[in-house]
Amino acid sequence: MSSSVLEVGISGGDGCEEGRFRKRFMVFGIAGILLGAATALVVVYMLAVTGFHFYNGAVFDQPASALAIYVVNVVLIGVVSVMAIAVGVRLVMGKVRGAHLTSEIVSLLLCGCALCSLMLDGVSLTFFATLAIAGINAVMFDLADPALADERRLQRKLRDMEVRDEAREGTLGMDRSGKGLVAVNFFNLFWIFTVGMVVGDAVETVYHYMIEVPGEFQIRAGMLWGPFSPIYGFGAVLLTLVLNRFYRANVLVVFLVSALLGGAFEYAVSWFLEFAFGSVAWDYTGRFLNINGRTDFMFMCMWGFLGAMWIKVLLPWVAKVINMIPWKWRYTITTACAAFVIFDGVMTLMALDCWYLRLAGSDTGEVAVMQFFADHFDNAYMESRFQSMSIHPELTSRVS
């Protein structure tokens, strides 16, 4: 909608408005081209460094996993470079249609680059810089599109008018188009993520106490503060996004899709934690139909059951509960809670990274940040907080 509005404004609006649009597109288009050119230089530098190490034979001293992740990172950065330049050129030419989607893809690819950086170098400046560039890219295009602000104001007014009817009908937060079960927006997804984290932590704790090791209480949280297990939060969001349009499907189909999706997700998270931090949070080696100890038949069936229960029973109830937050307060409450969760997540990543570095024998005594985490979140604290997790530096893919 916004793209077509802009293109009409460029071609058919008054001269002053058209000139304002073109100047804005020109500025942000040039910024996009410069961003693409800068990332292209990064690719050239990375290839040059790799070539130098190949020439000296040092590259063969690195783990094969590190080399594979490095190659993926180079490819991602190369794709980002080409797409950023393409977006910039389209903006300079005043062709907005399709540029917004391309810009969003660029931000997602940059997040992928950040994950690769995390596995290669840990929580470094490169990791934060890549995430910052992804955010800047998204905000930059948002500012470049003058119709988006008007659209948002109009949409807020329309939502304010519709929310009363939806609340009265009991459909607030649901997908009124009928294409899905719930409306896919930041508000719903954030609270689904939060509910998933809390419920997942509770289920893990009860399962360990009642079944895995009867009578033993173990903290199963996955973040520094709060009863949060992020794997279940991300799992709830993933199940919602994938199954939302299949809420009318046969329960057996939902079970099978959820089992495969959950198993793949559990495997990927285990792989990432091991390669980034040398962390082993679960190991199913020796169990029936396990896959490298990262997932197994029983837990895939549990994911299938959870997915079926989630989309058929729990999600409609969760959507109604979270949408009971008063409309006038939901943005403030959601923003504050999201800020805390993000802060908690960043601090958790940094604490895990420092824990890894201490166990790996890295000399971090003179680094202020490392000293802060050593003083407040030392090995004993981390072992007490993350009782189901152990760190094995030799398992990581980090470049030495």
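A salt bridge is a side-chain nitrogen of Lys or Arg within 4 Å of a carboxyl oxygen of Asp or Glu. In this predicted model, the count by that rule comes to two salt bridges.

One of them joins the side chains of R220 and E204, with an N to O distance of 2.9 Å. R220 belongs to the loop between helix 7 (186-212) and helix 8, whereas E204 is part of helix 7, so the pair ties together parts that are 16 residues apart in sequence. Both R220 and E204 are buried.

R294 and E274 form a salt bridge as well, their closest N and O atoms lying 3.2 Å apart. This pair links distant parts of the chain, 20 residues apart: R294 sits in the loop between strand 1 (279-280) and helix 10 (297-322), and E274 in helix 9. R294 counts as buried because its relative accessibility is 9%. E274 is likewise buried, with a relative accessible area of 16%.

Helix 9 also packs against another element. Two packed helices are described by the angle between their axes and the distance between the axes. For helix 8 and helix 9, the axes come within 11 Å and cross at roughly 140 degrees; helix 8 is therefore oblique to helix 9. The crossing of helix 8 past helix 9 is right-handed.

The surface carries a nonpolar patch formed by V184, L241, V242, V253 and V257, which together have about 370 Å² of accessible area. Helix 8 (230-243) and helix 9 (251-277) are the elements that give two or more residues to this patch.

Key:
Residues are numbered from 1 along each chain as its sequence is written. This is a predicted model: local features need pLDDT of at least 70, side-chain atom pairs count only at pLDDT 80 or more; totals for chains, interfaces and linings use all residues. Side-chain values use heavy atoms; hydrogens and water are left out. Patches are made of residues with over 30% relative accessible area and no salt bridge: like charges are joined within 9 Å, nonpolar side chains (Val, Leu, Ile, Met, Phe, Trp, Tyr) within 5 Å. Accessible areas come from the Shrake-Rupley method with a 1.4 Å probe; for residues, only the protein chains shown count as cover. Helices (H or I, at least four residues) and strands (E, at least two) are DSSP runs, numbered from the N terminus. Axes are lines fitted to C-alpha atoms, for helices over the stretch in contact, and angles run from 0 to 180 degrees between N-to-C directions. Angles under 35 degrees count as roughly parallel, over 145 as roughly antiparallel, 65 to 115 as roughly perpendicular and the rest as oblique. A crossing is left-handed if the near helix is turned anticlockwise from the far one by less than a right angle, and right-handed if clockwise. Buried means under 20% relative accessible area, exposed over 50%, partly exposed in between (1.4 Å probe, protein chains only).
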